[in-house]
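Dear colleague,

Please find below the structure that I am passing on to you, followed by a summary of what was found in it.

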Amino acid sequence: MAFNGKWETESQDGYEEFCKLIGIPDDVITKGRDFKLVTEVIQNGDDFTWIQYYPNSHVVTNKFIVGKESEMETVGGKKFKGIVSMEGGKLAISFPKYHHTSEISGGKLVETSTASAASGPVVFVRTSKKI
């Protein structure tokens, strides 16, 4: 149950380059650059509800069971089916344009998204503190 709770962005590395690569519009990138995203996680064993609160009251809620196919939504509103796996304490899923992992490290929620570009992988790391 380590993921349970509300988390607020503390730092972001690789944000702008990653967002541009996956096609997020410039105005949305600008709004999100310094935004303190709040992520609420409700975990009951392998059953998760993952809620992210974005600027302008935009909310993305994904419900999933580890190891079972679930319908998910990207921050851009695109729906897809995917399977979240647990790999060494990290939740992992492949979104349409990137691979995403979430873990608790040093009491923080660390989310790492990796997208492929012609020049090599582009990595975005968001670290959040519990609130």
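Ser70 is found in strand β5, which covers residues 69–73. Please note that the model is a predicted one. With a relative accessible area of 11%, Ser70 falls under the 20% cut-off and therefore counts as buried. Its side chain reaches the backbone oxygen of Lys68 at 3.4 Å. Leaving aside residues up to four places away in sequence, Ser70 touches Lys63, Phe64 and Ile65, and also Phe80, Lys81 and Gly82.

**Thr74**

Thr74 is found in the loop between β5 and β6, the latter being residues 79–83. Is Thr74 buried or exposed? The relative accessible area of Thr74 is 12%, and because the limit for a buried residue is under 20%, Thr74 is classed as buried. When residues up to four places away in sequence are not counted, the residues that Thr74 touches are Val60, Phe80, Phe95 and Pro96. For a distance across the sequence, Thr74 may be set against Thr114: the two are 40 residues apart in sequence, and their C-alpha atoms lie 14 Å apart in space.

**The chain as a whole**

The secondary structure of the chain consists of two helices and 11 strands. Read from the N terminus, the order of elements is β-α-α-β-β-β-β-β-β-β-β-β-β.

As to overall dimensions, a compact globule of 131 residues would have a radius of gyration near 14 Å; the chain has 14 Å, so the two values agree. The C-alpha trace spans about 40 × 30 × 30 Å along its principal axes.

Of the 131 residues, 40% count as buried. Contacts between residues at least 6 apart in sequence were also examined, and 38% of these join residues at least 24 apart.

The chain exposes about 7,200 Å², of which 51% is supplied by carbon and sulfur atoms. With regard to charge, there are 16 positive and 17 negative side chains in the chain. How far apart do the centres of the two sets lie? The separation between the centres of the positive and the negative set is 3 Å.

With kind regards

Technical notes. Residues numbered from 1 in each chain as written. Predicted model: local features only at pLDDT ≥ 70, side-chain atom pairs only at ≥ 80, totals over all residues. Heavy atoms only, no water. Helix = DSSP H or I, 4+ residues; strand = E, 2+ residues; numbered from the N terminus. Buried < 20%, exposed > 50% of the residue type's maximum accessible area, 1.4 Å probe, protein only. Polar contact = N/O pair within 3.5 Å; in protein donor to acceptor, adjacent residues only side chain to side chain. Contact = heavy atoms within 4.5 Å. Rg over C-alpha atoms; globule rule 2.2 N^0.38 Å. Areas by Shrake-Rupley, 256 points an atom, 1.4 Å probe, with all protein chains shown as cover. Lys, Arg positive; Asp, Glu negative; His and termini not counted. Charge placed at Lys NZ, Arg CZ, Asp CG, Glu CD.
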